[in-house]
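Here is a short briefing to read alongside the model. Take a moment with the structure first, then work through the topics below.

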Protein chains: 2
Amino acid sequence: MLSFSCALALWLQASESAGSGQQYLVAVLGISILSLLVAAGLSKYVISQDTGTPQMQKISNAIKQGAEAFLKRQNRTILGLALLLAVIIYLGYWLGKGDATLATRMTISFVAGALCSTLAGFSGMWVSIRSNIRTASAARSSLNKALQISLRGGAVTGLSVVALSLLGVGTLFWAFDGLSNPTEVPTQIVAFGFGASFVALFAQLGGGIYTKAADVGADLVGKVEAGIPEDDPRNPAVIADLVGDNVGDCAGRGADLFESTAAENVGAMILGAALFPVFGIKGILFPLVARAFGLIASIIGVLVVKTREDRDPMQALNRGYYVTTLFALIGFYIAVALLLKSNMMLFAAGVVGIVTSFLFVYITQYYTEYKYRPVQSIAKACLTGPATTIISGFAIGLECVAAPVLVISAAIMSSYYLGIHAGLTGVSQQSAGLYGTAIATMGMLSTAAYILAMDTFGPITDNAGGIIEMSHQPEEIRSRTDRLDSVGNTTKALTKGYAIGSAALAAFLLFSAYIDEVKGLLHKESVLFNVDIGHVPVFTGALLGAMLVFLFSSFAIKAVGRAAQTVIEEVRRQFKADPGIMKGTSDPDYGTCVDIVTKSALKAMVVPGVLAVASPVAVGMVFRLFADPNAAFPVGTVSVAAFLMVGTITGILLATLMNNGGGAWDNAKKYIETGAYGGKGSDAHKASVVGDTVGDPFKDTAGPSLHVLIKLLSTITLVAAPLFL
Amino acid sequence: MLSFSCALALWLQASESAGSGQQYLVAVLGISILSLLVAAGLSKYVISQDTGTPQMQKISNAIKQGAEAFLKRQNRTILGLALLLAVIIYLGYWLGKGDATLATRMTISFVAGALCSTLAGFSGMWVSIRSNIRTASAARSSLNKALQISLRGGAVTGLSVVALSLLGVGTLFWAFDGLSNPTEVPTQIVAFGFGASFVALFAQLGGGIYTKAADVGADLVGKVEAGIPEDDPRNPAVIADLVGDNVGDCAGRGADLFESTAAENVGAMILGAALFPVFGIKGILFPLVARAFGLIASIIGVLVVKTREDRDPMQALNRGYYVTTLFALIGFYIAVALLLKSNMMLFAAGVVGIVTSFLFVYITQYYTEYKYRPVQSIAKACLTGPATTIISGFAIGLECVAAPVLVISAAIMSSYYLGIHAGLTGVSQQSAGLYGTAIATMGMLSTAAYILAMDTFGPITDNAGGIIEMSHQPEEIRSRTDRLDSVGNTTKALTKGYAIGSAALAAFLLFSAYIDEVKGLLHKESVLFNVDIGHVPVFTGALLGAMLVFLFSSFAIKAVGRAAQTVIEEVRRQFKADPGIMKGTSDPDYGTCVDIVTKSALKAMVVPGVLAVASPVAVGMVFRLFADPNAAFPVGTVSVAAFLMVGTITGILLATLMNNGGGAWDNAKKYIETGAYGGKGSDAHKASVVGDTVGDPFKDTAGPSLHVLIKLLSTITLVAAPLFL
């Protein structure tokens with residue numbers, strides 16, 4: 001693999017003379033296709049594994065059926081909405097701007113983004129619901145085997161997501177003749193990012209609501225009321241809970257990171273266009289090339305992971321992460337050497353990004369693992385009951401935003417000043433600085449495929465544990481899947497920290513892309529676009545942006561509550577109607593629960609989704625009415641910019657609070673379950689279960705949905721910009 | 001009273017010829033002194049009432065002792081810190097700017113603000129801890145009498161706060177020769193606002209931590225563990241809890257609103273200075289005159305309140321509010337006629353402010369009273385246990401920011417455009433628009449004294465209820481104080497909504513004052529000061545501002561948790577050491593609990609307080625290092641502006657979430673206690689107690705402290721501005 005990279009680099013350098021950048025685009029597309037082939041190979045590897053006992057298969061099939069049925073219905077709903085929006089986009093650009101070519105290109109990009117995002121989510125989940133049983137089966141004989149199957153199953157999601165995003169952006173760039181018109185085409189494919197965000201928003205919302213409604217519902221009636229353990233087959237909601245892990249964590253987060261990579265690639269290309277005088281087309285293609293090298297690094301990382309029976313599987317995963325980071329760094333260096341004239345300041349900006357991702361991973365661990373102070377303090381508060389558990393967890397959630405914000409502030413500032421001092425002549429300081437932040441983002445995202453593989457590892461091992469538990473395997477095997485499951489909880493938390501960190505770092509890519517778009521629309525490329533929040537309408541836009549984040553979270557959380565309520569009622573009904581269920585003499589009706597959650601999640605995702613899409617457009621169009629003839633840019637465009645920026649800031653903070661707060665409550669419970677403060681069954685444990693339940697919709701519904709919201713705001717303002725003029 | 005106002009208006013008009021504005025200043029100072037005399041009269045009225053049985057007196061004396069001891073120690077701590085800061089301010093301005101006169105004036109203003117704020121808080125509480133027993137005693141015979149005593153006791157706080165603030169600002173303006181130098185003096189007295197904020201921050205933090213540590217501690221051991229009712233004399237923490245109502249709700253909120261009125265008066269005067277070409281000194285004095293008329297209106301409002309045995313006391317209080325509003329409106333009209341050339345656009349801006357305060361009162365009621373959907377939905381969620389109670393309450397908290405933000409957005413925009421279209425020639429559109437928002441703020445604040453009287457009514461009736469309960473009065477009397485107490489809960493919630501609304505509306509006064517200050521320092525009065533958050537260092541400042549709000553709230557909440565822990569341990573210790581306490585045969589040791597909370601509250605308030613004061617200064621001084629020779633204004637000054645503005649936005653949202661979320665949980669419990677969902681003692685009730693307990697530090701510590709934080713940020717940046725250049 002390493003020698004392949006070297007050969008590739010040499011070939012790229014040799015074909016330099018062509019000068020049009022074609023060879024780089026070919027390389028990007030080639031690596032993307034190669035990565036998809038590797039993903040296919042990994043799928044084949046996973047599928048070829050043993051599928052365990054008939055009882056295990058019965059459970060696994062139930063999960064598979066439920067997950068596929070949900071995803072099919074969800075995709076139908078989302079693609080229906082997307083189709084409607086595609087028509088609106090086409091008509092809007094065609095009638096509004098009278099430009100049929102642009103309208104066609106925008107619409108094609110949007111549809112391509114929506115389809116690729118759906119495909120990435122679906123293929124990832126397809127493998128994941130097949131990996132769970134094979135991981136469970138392998139766990140009967142070997143920890144290493146189980147680890148490898150689950151990570152490689154997860155890697156299918158990771159590789160497909162990043163490769164499809166590169167392939168989509170690269171193909172559109174080529175198809176729209178970007179090679180001969182490199183500075184204009186990037187803004188024509190912004191709708192690819194919007195299509196991806198649009199699908200991701202609903203996928204994450206629907207999946208997030210599904211998973212937590214099932215989980216909260218199952219826990220409240222099962223653990224709290226009936227006193228049966230988690231994943232007990234007597235609980236009618238247990239299959240729905242396991243399905244939820246797949247559709248929420250796996251398909252949802254897959255769509256989330258697909259749109260991150262898509263939106264950030266396009267945003268970075270737009271910033272690269274501003275540097276055309278310095279680097280030519282190479283500055284525009286750099287983001288794609290850097291990501292392609294990151295894909296290779298991730299493949300290497302996934303393949304080196306192995307462990308031994310007596311080792312902590314987290315160490316093995318961390319080793320894979322270090323290897324990935326190392327190769328990503330090398331790849332980044334090669335990309336800078338080939339495309340950015342070996343500019344060491346810009347390479348340093350990339351290193352800033354990579355360091356940032358490391359720090360985010362560390363901070364997230366500090367706030368969510370039980371060996372550190374925060375979770376310990378929550379566990380101690382459990383001794384005085386659920387109220388103090390909640391208060392202390394919420395206080396930790398509020399506290400834990402500080403360190404990430406300081407890191408991000410340092411990263412943004414330093415990469416910006418590295419860009420300014422990179423000696424780029426012929427472009428504005430602002431453009432040079434922003435390109436520095438764009439490169440830092442690329443650095444941070446270069447390990448995305450590996451991180452995503454670790455993330456999807458989470459639901460696979462969680463499911464494997466559930467299958468082992470429900471099929472009554474011996475204690476020794478359970479402890480094996482428990483170890484993997486606990487690692488999976490950590491990796492899931494890390495991915496969320498990573499996703500929000502990259503969203504924060506990437507914020508400027510997308511703000512600047514929006515500003516460039518507005519300038520281009522008004523042919524005011526050289527006029528300064530001031531987002532002066534000291535100006536009343538701009539401040540008001542900012543206030544509304546922050547408010548949207550709160551309101552959206554409220555809707556997401558309420559949706560979980562409402563859907564969970566229906567599950568609780570159904571489980572209670574089944575327990576009452578057939579006392580044999582609790583005795584273990586008759587099977588509960590899992591299908592009804594799956595059905596109920598599916599329906600309520602799909603219904604509940606619509607309102608927050610529409611709110612997110614409609615709000616920025618409404619703000620832009622209302623503020624447009626406050627026309628000010630003296631202003632350099634229409635008030636609507638500036639107010640929307642403030643809406644976007646302050647919405648992003650608030651979103652980053654609230655998502656961090658919810659992700660880490662929820663994770664901390666979860667692990668405080670796990671800590672008590674290790675025997676601390678009275679262990680399982682004690683009053684402290686009961687209090688910790690309340691904390692865990694409160695944290696569930698925080699960390700798995702509202703928090704992750706906020707990631708997508710932030711990026712959706714960026715991409716929708718880009719696409720809808722002509723409406724605000 | 002009405003005829004007095006008319007006579008005053010005629011006199012003011014008659015002495016117009018003087019032209020220097022002296023007569024207006026005399027009127028403002030005169031009305032302030034008059035209001036203080038009225039407050040003294042009301043105190044005398046309250047003191048002359050019956051003080052009930054010896055047993056009631058014993059309880060009341062214990063509360064009085066505890067409250068006075070706490071306030072004395074707290075004031076010593078705060079004034080010590082303030083003295084230190086006064087020295088720093090003097091040295092900073094003297095050494096840094098080499099201007100001994102300015103240094104002296106800044107320091108005098110700061111000290112005056114700090115002293116007046118302390119005095120206002122102390123005098124309010126002095127009366128309030130004497131009104132409680134008299135209200136309790138009166139409740140034995142007449143609801144009307146009890147209502148009048150408690151409201152008039154509360155009015156002492158309301159009137160002292162607003163009058164002292166006017167008197168302070170007016171006197172300083174006069175003493176610094178503002179009459180002959182009207183445009184410069186307002187910026188010299190900004191430190192008055194800072195002194196007030198500084199004291200208010202610690203008073204609100206200390207009082208807020210005290211009240212909730214005692215409350216949470218008393219509830220958790222008393223209600224939940226020992227199963228004894230609220231305010232049961234067997235609970236050793238019960239006196240500390242009653243003391244807390246006074247030091248937190250009464251002294252804390254008194255200091256909060258004192259600094260609001262002080263900071264907003266000064267801010268409005270600074271904006272008025274920008275309109276000197278149009279209105280001369282009258283535009284600068286207008287805010288003070290409008291507030292003085294508001295004082296008269298509030299006095300009338302307080303005096304007309306009376307009720308009948310069979311009526312809802314809330315109706316009586318509302319009637320007083322309507323009367324106050326009506327007279328405030330008339331006063332506002334007179335002020336506009338006398339000082340602002342009868343400009344009807346500006347009068348309309350004032351009406352916008354008055355309407356805004358009405359809407360805020362209505363929205364707060366909707367989200368916190370149990371007849372409406374939000375509280376109902378929380379109460380229903382209590383049926384499925386504490387986890388769903390918390391989830392649904394938090395979702396309501398997130399939701400409830402939307403309506404206030406929309407109202408504030410509409411108010412800011414409309415008053416801004418009314419200002420622009422007020423036909424003010426010779427000044428910039430920006431100045432005219434901002435003066436419009438300033439006038440709206442004055443409109444909103446014109447009823448402040450009455451609102452504050454209603455607020456302090458809350459802790460007085462709460463205490464009265466406690467005294468009645470603890471002295472075992474008959475059921476009929478209890479139901480009377482219960483009715484008053486429940487009204488008090490509503491008025492406390494309303495005041496918080498009102499305070500945060502006025503803070504949001506006033507934000508621009510203080511931003512603009514800061515910008516004017518920076519421009520003045522650099523002699524760049526005519527250069528546009530852009531707070532462009534699309535610029536990387538400015539965005540970073542904004543991000544840090546939002547982060548501070550989260551971190552500060554975390555510290556405030558953790559402080560309550562920590563202090564409550566000490567109370568819980570002490571109560572458990574007492575129950576264990578002397579089983580006679582629970583049997584009712586021996587008295588618990590109230591004094592130790594009071595002592596413990598006092599110590600831990602004072603200790604716990606220091607860290608968040610110092611964080612709030614140090615952060616904006618640190619941000620300004622760090623960003624100062626990123627000097628940009630091309631920028632119109634130093635990067636430090638602009639980043640701090642963004643820090644301030646986005647910190648304000650985030651603070652408004654988080655405070656609203658906490659205030660209303662906490663209030664909604666509280667009333668969901670009260671609703672269940674009326675018998676819904678199984679009533680007292682049911683599982684739903686237990687769940688609702690958890691919600692109430694979680695909400696306590698939200699609504700009474702973190703939320704109100706955020707109000708003060710927001711305004712402290714404004715005033716400290718004003719005073720520290722020279723450091724950021």
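Predicted model: local features only at pLDDT ≥ 70, side-chain atom pairs only at ≥ 80, totals over all residues.

B:T135 is buried, its relative accessible area being 0%.

- B:T135 is part of helix α4 of chain B, which covers residues 100-139.
- Leaving out residues up to four places away in sequence, B:T135 touches B:A146, B:I149, B:S150, B:I460, B:A464 and B:L484.
- B:S48 sits in the loop between α2 (22-47) and α3 (54-97) of chain B.
- With a relative accessible area of 55%, B:S48 is exposed, whereas B:T135 is buried.
- Along the sequence B:S48 and B:R134 are 86 residues apart, while their C-alpha atoms are 9.0 Å apart in space.

**Around B:V518**

- Helix α18 of chain B holds B:V518, and this residue is buried at 0% relative accessibility.
- Apart from neighbours within four places in sequence, B:V518 is in contact with B:F529, B:F633, B:T637, B:A721 and B:L725.
- B:P233 is 285 residues from B:V518 along the chain, and 57 Å separates their C-alpha atoms.

**How the two chains are related**

- Chain B is superposed on chain A by a rotation of 180 degrees with 0.0 Å of shift along the axis, giving an RMSD of 0.0 Å.
- That is the relation of a two-fold axis.
- The same surface serves both copies, as 98% of the contact residues of chain B recur in chain A.
- Which residue of chain B comes closest to the rotation axis? B:D532 does, with its C-alpha at 2.2 Å.

**The contact between chain B and chain A**

- Chain B gives 66 residues to the contact and chain A gives 65 residues.
- About 6400 Å² is buried between chain B and chain A, 81% of it on carbon and sulfur atoms.
- Two salt bridges are counted between chain B and chain A; in a salt bridge between A:K558 and B:E399, N and O are 2.2 Å apart.
- There are also 10 residue pairs in polar contact across the interface, both residues at pLDDT 80 or more.
- Helices of chain B that each supply at least two residues to the side touching chain A include α14 (386-399), α18 (475-522) and α19 (536-577).
- The largest share of that side, 18 residues, comes from α19(B).
- By class, the side of chain B that touches chain A has 49 nonpolar, 12 polar and five charged residues.

**Salt bridges within the chains**

- Over all chains, the structure holds 48 salt bridges.
- In chain A, A:K699 pairs with A:D666, their closest N and O atoms being 3.6 Å apart. This pair links distant parts of the chain, with A:K699 in helix α23 (residues 683-720) and A:D666 in helix α22 (residues 635-673), 33 residues apart.
- A:K699 is buried at 8% relative accessibility, and A:D666 is buried at 8%.
- A:K699 and A:D666 belong to a network of salt bridges in which A:K212, A:D215, A:K496, A:K670, A:D696 and A:D700 are also linked.
- In chain B, B:D696 and B:K699 form a salt bridge with closest N and O atoms 2.9 Å apart. Both lie in helix α24 of chain B, three residues apart, about one turn of the helix.
- B:D696 is buried at 2% relative accessibility, and B:K699 is buried at 7%.
- B:E469 and B:R478 form a salt bridge at 3.4 Å between the closest N and O atoms; B:E469 is partly exposed at 21%, and B:R478 is partly exposed at 23%.

Definitions and conventions:
Residues numbered from 1 in each chain as written. Chains lettered and ligands numbered in written order. Heavy atoms only, no water. Least-squares fit on C-alpha atoms with pLDDT ≥ 70 in both. Contact = heavy atoms within 4.5 Å. Buried area = accessible area lost by both parts, 1.4 Å probe. Salt bridge = Lys/Arg side-chain N within 4 Å of Asp/Glu carboxyl O. Polar contact = N/O pair within 3.5 Å; in protein donor to acceptor, adjacent residues only side chain to side chain. Helix = DSSP H or I, 4+ residues; strand = E, 2+ residues; numbered from the N terminus. Nonpolar A, V, L, I, M, F, W, Y, C, P; charged D, E, K, R; others polar. Buried < 20%, exposed > 50% of the residue type's maximum accessible area, 1.4 Å probe, protein only.
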